[in-house]
Amino acid sequence: MAIRIITDTSSDFDPSALRGRSVGLVPMTINVGAASYADGIDLTHADFYEMLLSDGEAPKTSQPVPQDFLDHFERAKAAGDDVIAILISGELSGTVQSAQAAKDMCGYDRIHIVDSRCASAGIQMMVDETERMANAGESVEAILDRLESMIRRMRIYLGLDTLKYLYRGGRLTRLEAGVGMLANIHPLLALKDGTLEVCAKCMGTKKTMRRLVEIIESVPADPAFQKRFIYSYDDSHCRELMRAFPDAAGTDVVELGPTLAAHAGPGVYGAVFIEAEKNPAQI
């Protein structure tokens, strides 16, 4: 018996990085007008960004259907393996519900659906830790406890270059986006309760970068997990952010795929890390 790990393409794993690893990847669907694409299968990041930057219809994402998960679950059931499925936040997508429906259809109790309460590099950190523990012979219960701790302490902070794509995706009104762009306002987003919310607004890129560094530095990071940095389309701001952190050398840089970039647009940059456990005396 083994532990099989499943995730979805909101994790932004490069498929080539998963070769030889026991990690199954279920694609999100990207819809552009009447056309639909399977993320990472018949739509590359380059193709997606070409569509996003065009003046055509904005790409939209939708969750996998239960059958996409059922194929993985049935194979695990036939082999008598456990499954740990680490999926995009239920606040951002219905993917967790699709996986739960597939579990019910499969009728196999050893499938464990984990709502990551995050996406992208945050899911990657959880998948990597699950794989490390499974390879070390840790139990499913110990792994799920570890994941629960990571979810509780996961921190994501992002800077945005433009409000245009939040408006296109319906997250801002035309007035809010127009006023913000005229004033050169750059929002900072933070992960909260499984979704990304505005935590600060700054005028100009330099002030936004300084404030983002201050926010990240104000939260003590767990040294057991290396920070990861993320960007969309253009990594120049991401590289500038990394230079503010001496321990960033050699860390993973993750390009956002369609699931988040469709809403936030190009020019996103930020950091993902696990907050250090608080001393009981500090709580």
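So, lysine 227: its charged end sits over the ring of phenylalanine 273, 5.6 Å from the ring centre. By "over a ring" I mean that NZ of Lys or CZ of Arg is within 6 Å of the ring centre and within 35 degrees of the ring normal. Keep in mind that this is a predicted model, where local features need pLDDT of at least 70, side-chain atom pairs count only at pLDDT 80 or more, and totals for chains, interfaces and linings use all residues. Residues are numbered from 1 along each chain as its sequence is written, and side-chain values use heavy atoms, with hydrogens and water left out.

Okay, aromatic pairs. Rings of Phe, Tyr and Trp (its six-membered ring) pair if their centres lie within 6.5 Å; planes under 30 degrees apart are stacked, over 60 edge-to-face, and the rest tilted. How many pairs does that give? The count comes to five aromatic pairs.

One of them is tyrosine 49 with tyrosine 233, a tilted pair at 5.4 Å centre to centre, with 45° between the planes. These two are 184 residues apart: tyrosine 49 is in helix α1 (residues 45-53), and tyrosine 233 is in the loop between β11 (228-231) and α9 (236-242). Helices and strands here are DSSP runs, H or I of at least four residues for helices and E of at least two for strands, numbered from the N terminus. Buried means under 20% relative accessible area, exposed over 50%, partly exposed in between, with a 1.4 Å probe and protein chains only. Tyrosine 49 is buried, at 2%, while tyrosine 233 is partly exposed, at 48%. Ring pairs also bring in Phe48, making a cluster of Phe48, Tyr49 and Tyr233.

Back to phenylalanine 273, then. Its ring and that of tyrosine 157 have centres 6.1 Å apart and planes at 35°, so that pair is tilted. Tyrosine 157 is in strand β8 (residues 154-159) and phenylalanine 273 in strand β13 (residues 269-274), 116 residues apart. Both are buried.

Last stop, helix α3. Which residues of α3 are buried? They're Thr95, Val96, Ser98, Ala99, Ala102, Lys103 and Cys106. Covering the buried residues, by contact (heavy atoms within 4.5 Å), are elements including β1 (3-8), α2 (66-79), β6 (82-87) and β7 (111-115). And just after α3, glycine 107 takes a positive phi of about 65°.
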